[in-house]
Amino acid sequence: MKRPLTALAAVAALGSLVLTAGCAGEPVSFDTPAGASAPAAPADPSASGGATGKGGGGGAGPAGTVPRTLMPTGPKAEFTTENTVDDGTKIGVTTLEGRKSGFTGKVWVWAPPQYFEPKYANSGFPVLIALPGGNGYPKNYWMGTDLKLQSSISRWSKEGKSLPFVVVMPVLNPDDEYYYDGSDIPGREKMGTWMTEDVPDFVRANFRTFDSRDGWAFMGSSSGAFVGLKSVLKHPDKFKAVIASGPDTVPDSPLWAGHEAEKAANDPEKLAKALSAQPSAPDRDVYLAFQIGTRESGLQNLRSFIRDYGKGPVKTRLQVIQDGGHNAKTYVKGMEDGSIQWISRHMQAPIPSR
């Protein structure tokens, strides 16, 4: 059963309050000189490590290959400033018309300071699709600065704890009445296609990325954790890792009634069981970083999931957050305590020019 995050209404209220800061509504651009004109270039295989030369990252693809940088393909979106982070970087927002799903919704984005440094002007960046708990509509609460997600990633990347991720924050559901489980439920908006195809296509159109799954991950809390977990397990060819905080591990939207086959095809436990039966391989291994607080339920369920399915290509890690509750601030703490570093070690870091 989907659980609302503790003090979710307060989080939403804080997210609304901080929008008054940082010149909200003004145009913002994520273009760089290289991003506007340079052709796609192969990454430098001699470079490794995090964006600051510290920490993990730099994971190669199959047979030791390094993912190729993809320059923005366009069409270019128009962003307005939603918020300003402590380091001066901007959180932008735009409206995306999903060409494949047919769904139109808001997407918020943030690029780390390294994205604008000249030495990374020809390099792709790893992408973290961050999903909220609750209904995730009409806003994605990670776009507020009160939870410190972006400022924390900025700091962690300098400390060598995290890669400098581009953070992408789409709306999770098309309305606030139902959970859609991030899936294409028959007769409903195609939220699975929105999340795993339209949103990544939008990111590739506007940002420097990598042409490999080594540059793509999810992070989510509660209902958003379910969607991120399910998306990685269903599409291991597209996404490599997820930080799943306080997740459900089975679909439970009431909209599945009468569609049991489709529901089963979007069940993380069934997907993990099938994937774990295959041999481990660089092109299919996925990294599932689970997080849960000691003051919330679900710990035994996650331990059972890890015991039953954490084998073969399904690599798992469990972060138990002492005195943590079912809330987003707890999960940011867990990320700092180890989850973000663990997935960063298995993903592709941006590569500086020689």
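Leaving aside neighbours within four places in sequence, which residues is leucine 233 in contact with? Taking contact to mean heavy atoms within 4.5 Å, the partners of leucine 233 are Pro268, Leu271, Ala272, Leu275, Val286, Leu288 and Phe305. The model examined here is predicted, so local features need pLDDT of at least 70 and side-chain atom pairs count only at pLDDT 80 or more, while totals for chains, interfaces and linings use all residues. Residues are numbered from 1 along each chain as its sequence is written, and side-chain values use heavy atoms, with hydrogens and water left out.

Leucine 233 also belongs to the largest nonpolar core, which has 84 residues. Such a core is a set of buried Ala, Val, Leu, Ile, Met, Phe, Trp, Tyr and Cys residues joined through side-chain atoms within 4.5 Å. The members that touch the most others are Trp142, Met169, Trp194, Phe207, Leu233, Leu288 and Ile343. In soluble globular proteins, nonpolar side chains tend to be buried together. Of the 354 residues of the protein, 58% are buried, where buried means under 20% relative accessible area, exposed over 50%, and partly exposed in between (1.4 Å probe, protein chains only). Among contacts with a separation of 6 or more, 77% come from residues 24 or more positions apart.

Turning to the fold, the protein has nine helices and twelve strands; these are DSSP runs numbered from the N terminus (helices: H or I, at least four residues; strands: E, at least two). Ten strands form an open sheet with mixed pairing, in the order β1-β3-β4-β5-β7-β6-β9-β10-β11-β12; two strands pair if DSSP finds at least two bridges between them. At the edges stand β1 (27–28) and β12 (314–321), each with a single partner strand, so one side of each has no neighbour in the sheet. Helix α9 packs on this sheet and touches β6, β9, β10, β11 (286–293) and β12. The direction of α9 makes about 145 degrees with that of β12, with axes fitted as lines to C-alpha atoms (for helices, over the stretch in contact) and angles running from 0 to 180 degrees between N-to-C directions.

Within the sheet, β9 and β10 (residues 241–245) run parallel and are joined by five bridges, and glycine 220 stands opposite alanine 244 in β10. Eight bridges link β11 and β12, again in the parallel sense, with isoleucine 292 facing its bridge partner valine 320 in β12. From β11 the chain passes through helix α8 (residues 299–309) to β12, in a right-handed β-α-β crossover. Right-handed here means that, with the strands pointing away from the viewer, the path from the first strand over the helix to the second runs clockwise.

Serine 154, in α3, is buried at a relative accessible area of 4%. Beyond residues up to four places away in sequence, serine 154 touches Asp87, Trp110 and Pro113. Glycine 160, with a positive phi near 85 degrees, follows α3.

By contrast, phenylalanine 116 is partly exposed at 38% relative accessibility. Phenylalanine 116 lies in the loop between β5 and β6 and touches Phe30, Thr32 and Ala111, not counting residues up to four places away in sequence.
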